[in-house]
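I opened this notebook to record what I looked up around the ligand and in the backbone. The entries follow in the order in which I made them.

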Amino acid sequence: MLILNGKFITFEGPEGSGKTSVITAIQSFLENEGYDIMVTREPGGIKIAEEIRNIILNKDNIEMDAHAEALLFAAARSQHFSEKIAPALQENTIILCDRFIDSSLAYQGHARGLGIDEVYAINKFAIGNHLPQLTIFIDVPPSVGLQRVFSNTRKVDRLDLETLAFHEKVYEGYKLLIDMFPERIKTIDGTQKVEEVTQDAINTINKIL
Ligand code: TMP
C-alpha cells in the first residue's frame, strides 16, 4: 500500500470550462504560499500517455471504437498514475491534475453509453482504488463552453467535434457523478470571471490543506 503524504486534486468540466487557466492561477497562488505544486493533465502528463493522447484526440481517427477509446484513456491513466502521480504523492506534493477518472466516467461511461459502472471497472484495473482527495467541477453549460472553444485559439480535437447532444450527455454524466461522490466532487460556477472561479477554487482547496 502506498503511503500518501501529498494531496491529489483534480479538475473537471465540459469543453471550454476554463480549467486550464484556473489551474495556472491556483498554481501561482499556492506556490507563493510556499507549497510544492505539480501540475499535470490527462490524457497525457508523461511521454507514453502524451503519445496515447495523440492517437485518441487525432481528428483523423474517426473510426475509433468506443471501447477502444475508453481502454486507451484507462491505459494512459495507468501509466500516468504509476509513473508520475503516485511517486509525487509519496512526497509532500500537491498535485493539480487537469481531468482524471471522472472524465472517463462522464464521457465514455455516460455520454458514449458504455455505462458508468463498466468504465469504473476498467479504471479500477488501471489505478486501483486511488481516487483524488478533491475534485473541482467547473460548471459551465455545454453550449457556452463550446462557443468558447470555437471562438478561441485552442486546437479543436476529435471530441470537441462531437454534437451538442453528446456534450449535453457529458454534462448530465457529471451531474450524476456529483450525486454519486458528494464528499469528493465540489462544484464551482464557471460562468463567473476567471478571478472569481479561481478564488472559489482556492477557498475549496484550503479546506483540505
Ligand atoms: P482537454 O481538452 O481538457 O485537454 O481534454 C481532452 C479531451 O479528452 C476532452 O474532450 C475530454 C476527453 N476525455 C475523455 O473523453 N475521457 C477521459 O478520460 C479524459 C481524461 C479526457
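Entry 1, terms. The model is predicted.

I looked up Pro43 and placed it in the loop between strand E2 (37-41) and H2. The peptide bond that joins Glu42 and Pro43 is cis, and I noted an omega of about -10 degrees.

I found the ligand in the largest pocket. I listed 16 residues around the ligand, and Glu15, Arg77, Arg99, Ser104 and Gln108 are the closest.

Entry 4, origin of the shell. Which helices each supply at least two residues of the shell around the ligand? I noted helix H2 (47-57), helix H3 (66-90) and helix H4 (101-111). H4 gives the largest share of the shell, with 4 residues.

I looked for N or O pairs within 3.5 Å. In the side chain of Glu15, an N or O atom is 2.7 Å from an oxygen atom of the ligand. For Lys19, I recorded 3.0 Å between a polar side-chain atom and a ligand oxygen atom. For Arg99, a polar side-chain atom lies 2.7 Å from an oxygen atom of the ligand. How much of the ligand does the protein bury? The ligand taken alone exposes 480 Å², and I noted that the protein buries 95% of that.

Entry 6, backbone of Arg99. I returned to Arg99 and located this residue in the loop between E3 and H4. Its phi is near 75 degrees, which I marked as a positive value in a residue other than glycine.

I counted 8 aromatic pairs, taking ring centres within 6.5 Å. One of them joins Phe8 and Phe100, edge-to-face, with 4.8 Å centre to centre and 80 degrees between the planes. I noted that this pair links distant parts of the chain, 92 residues apart. Phe8 belongs to strand E1 (residues 7-12), whereas Phe100 lies in the loop between strand E3 (94-98) and H4.

Methods: Residues numbered from 1 in each chain as written. Predicted model: local features only at pLDDT ≥ 70, side-chain atom pairs only at ≥ 80, totals over all residues. Heavy atoms only, no water. Near = heavy atom within 4 Å. Polar contact = N/O pair within 3.5 Å; in protein donor to acceptor, adjacent residues only side chain to side chain. Areas by Shrake-Rupley, 256 points an atom, 1.4 Å probe, with all protein chains shown as cover. 1 Å grid on protein atoms, 1.4 Å probe; cavity = no way out; pocket = protein on both sides within 12 Å on 5 of 7 lines; lining within 4 Å. Sits in = over half its atoms within 2 Å of the grid points. Phe/Tyr/Trp six-rings, centres within 6.5 Å; stacked < 30°, edge-to-face > 60°.
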